[in-house]
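Please look over the sequence and the model before reading on.

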Amino acid sequence: MANVITAQEAVSLIKDGTNIGIGGFATFGAADTLLREIARSYAEQGTPKGLHIVAPACPGDHQENGWGMSAMQANGLIASLVTSHVGQVPALGRAVADNLFPTFFLPLGVFGHIFRAMAGKKPPILTHVGKYTFCDPRVDACKANQAAIDSGREVVSLVELEGQEYLCYRHLPMDICILRGSVADEDGNISMVNEAIPAEQMEMAAAVHNNGGTVIVQVEQIVARHTLPPRSVWINKKLVNYVVVAKPGEHPHTYECPEFRPEIVGQCRVPTGAIAPMELGVRKVVARRGAMELVSNALVNLGLGISDGVSIVASEEGVSDEITLTIETGVFGGVPLGGLSTGVGVNSDATYRTADTFDLYDGGVLDMAFLSSAEIDPTGNVNVTKFGGHTAGPGGFINISQNVPKMCFMGIFTAGKQDVAVENGKLVIRKDGERIKFKQQVEQISFSGRYALETGQEVLYITERAVFRLTPDGLLLTEIAPGVDLEKDILGKMEFRPLISPDLKTMDLRIFQPEKMGLILKGAEHDAV
């Protein structure tokens, strides 16, 4: 029989100073009843405190006092944090920036692989992922703040094997983990049938159990034994110590829509209808210029923010069916969703576990990727993890950007309040952003231009007014928008002077017109033969 206990009983098992794993991915899959009970117990009884947390992607809903790990923001509750991303939990982001506890940012794809190694009693993970970035011990060694530097703790080291350099990511000790499933049967088998993103929950359970720890799983309900379809069971009863049934309203399907949505777990397909085109403006200019790099039959990863406009442009131009979009959570094909539903999609061709997806990504399955950029330096380094007092972490950015043959970084040329428009087929800059994004030195290296050159990667940097290409000699300016002044609007808004192509040309004028571009993907002519 499953050992069913209350949330209070479960939290009483968590002692001060415990190494604890927390499952979930960004805006999905948090064990909210348990997280809230931890916070309540700490507020009322002062325990558990000083927790050392491992959370692959801290779950939250972008709110100050919302769902997920925002419940755990009280000072003293967390003693240290190892994660890939805190962007969905604003209070944690500030705590990291304010050095309230040591924080280490690892690439998201590394977590599932570490958990697998721990479960199998195998050595730590050796990988090229993170080389020359802030994860590299020769740079920041994954340390996200001064508190991490002062702690003396090391989570990664540099090793050489058969003449090649690798990063060695160490095991992450966990005494206990709190996870979430959909349904448990009377024996304690855990089904993930209704989970939007199962993430690394199974891998974490195996890692904790096989190293003598305690696995607690929150579910929505318990059903009779032998009634769960075997393929829906992701965590076998052998791995589960305790089951907690969620309190009403504390097991939302997604933070955007608490009610169950069968289409995002592949139980049905839905008519998506026509995707509304973007209004003509700087964001559409960037998205259109990015879409012009699409190749027919390519497997494409789109990141958060401005880069997701590429799919909207592809839809408007009628070329969506000529490419396949994928998300790091394991969704291949279909239509990715945005907002608080970022990470899932509808009408997918296939879905994989997150750890399996990163095996594919790390091995080079992607043809191209479009990701956002916050800072760029003369050697092609990109920063998206720590800048201007904002600390978020890389998520899957490093795995994606280092392992794709063609990488397109996208962004507005400057940051801050600005008035830049498209008028009469030209870019009009009335007021520029006050923060320069093309820096002499980025604050943190999330993408390494050096590594890209060593691996033969093609890298573009696409903005609304200029396009650059990475070369062995640095950034090369290749295109400028119609209506801009090279010295005033581009070079005058950079902390360094890039190389300028002798064949510098104007960006395709169709990008700045209100009508469709008539986009034909690269390779499409060959496919039609």
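How do the residues of the lining of the second largest pocket divide into nonpolar, polar and charged? They divide into 14 nonpolar, nine polar and four charged. In this classification Ala, Val, Leu, Ile, Met, Phe, Trp, Tyr, Cys and Pro are nonpolar, Asp, Glu, Lys and Arg are charged, and the others, Gly among them, are polar.

## Basis of the report

The model is predicted: local features need pLDDT of at least 70 and side-chain atom pairs count only at pLDDT 80 or more, while totals for chains, interfaces and linings use all residues. Residues are numbered from 1 along each chain as its sequence is written, and side-chain values use heavy atoms, with hydrogens and water left out.

## Pocket and cavity

The second largest pocket has a volume of about 480 Å³. It is lined by 27 residues, of which Ala196, Ile264, Val265, Gly266 and Thr351 are the closest to its centre. At least two residues of this lining come from each of the strands β19 (345-346) and β20 (350-351). Helices (H or I, at least four residues) and strands (E, at least two) are DSSP runs, numbered from the N terminus.

One cavity of 30 Å³ or more is found in a search of the whole structure. The largest cavity holds about 30 Å³ of space, and its lining consists of Thr27, Phe28, Gly29, Ala30, Asp32, Arg180, Pro252, His253, Thr254 and Tyr255. By class, this lining has four nonpolar, four polar and two charged residues. On a 1 Å grid over the protein atoms alone, a cavity is a set of points where a 1.4 Å probe fits but cannot get out, and a pocket is an open set with protein on both sides within 12 Å along at least five of seven lines; lining residues have an atom within 4 Å of a point. Grid points are joined across faces, edges and corners, and a volume is the space filled by probe spheres set on the points.

## Helix α4 and its partners

Helix α4 (residues 108-119) packs with helix α9 (residues 354-362) at an angle of about 115°, the axes being 9 Å apart. Axes are lines fitted to C-alpha atoms, for helices over the stretch in contact, and angles run from 0 to 180 degrees between N-to-C directions. Leu108, Gly109, Gly112, His113 and Arg116 of α4 make the contact with Ala355, Asp356, Phe358, Asp359 and Asp362 of α9; contact means heavy atoms within 4.5 Å. Three nonpolar, three polar and four charged residues take part.

With helix α6 (residues 201-209), α4 packs at an angle of about 35°, and the axes are 7 Å apart. The residues in contact are Gly112, Phe115, Arg116, Met118 and Ala119 of α4 and Glu203, Met204, Ala206 and Ala207 of α6. Their classes are six nonpolar, one polar and two charged.

## Helices α7 and α8

Helix α7 (residues 282-291) and helix α8 (residues 309-316) have axes 8 Å apart and pack at an angle of about 75°. The two helices are therefore roughly perpendicular to each other, a term that covers angles of 65 to 115 degrees. Lys284, Ala287, Arg288, Gly290 and Ala291 in α7 meet Gly309, Val310, Val313 and Glu316 in α8.

## Backbone details

The peptide bond from threonine 47 to proline 48 is cis, with omega near 0°. Proline 48 lies in the loop between α2 (32-45) and β2 (51-55). Histidine 226, in the loop between β12 (221-223) and β13 (233-235), has phi near 65°, a positive value in a residue other than glycine.

Conventions. Angles under 35 degrees count as roughly parallel, over 145 as roughly antiparallel, 65 to 115 as roughly perpendicular and the rest as oblique.
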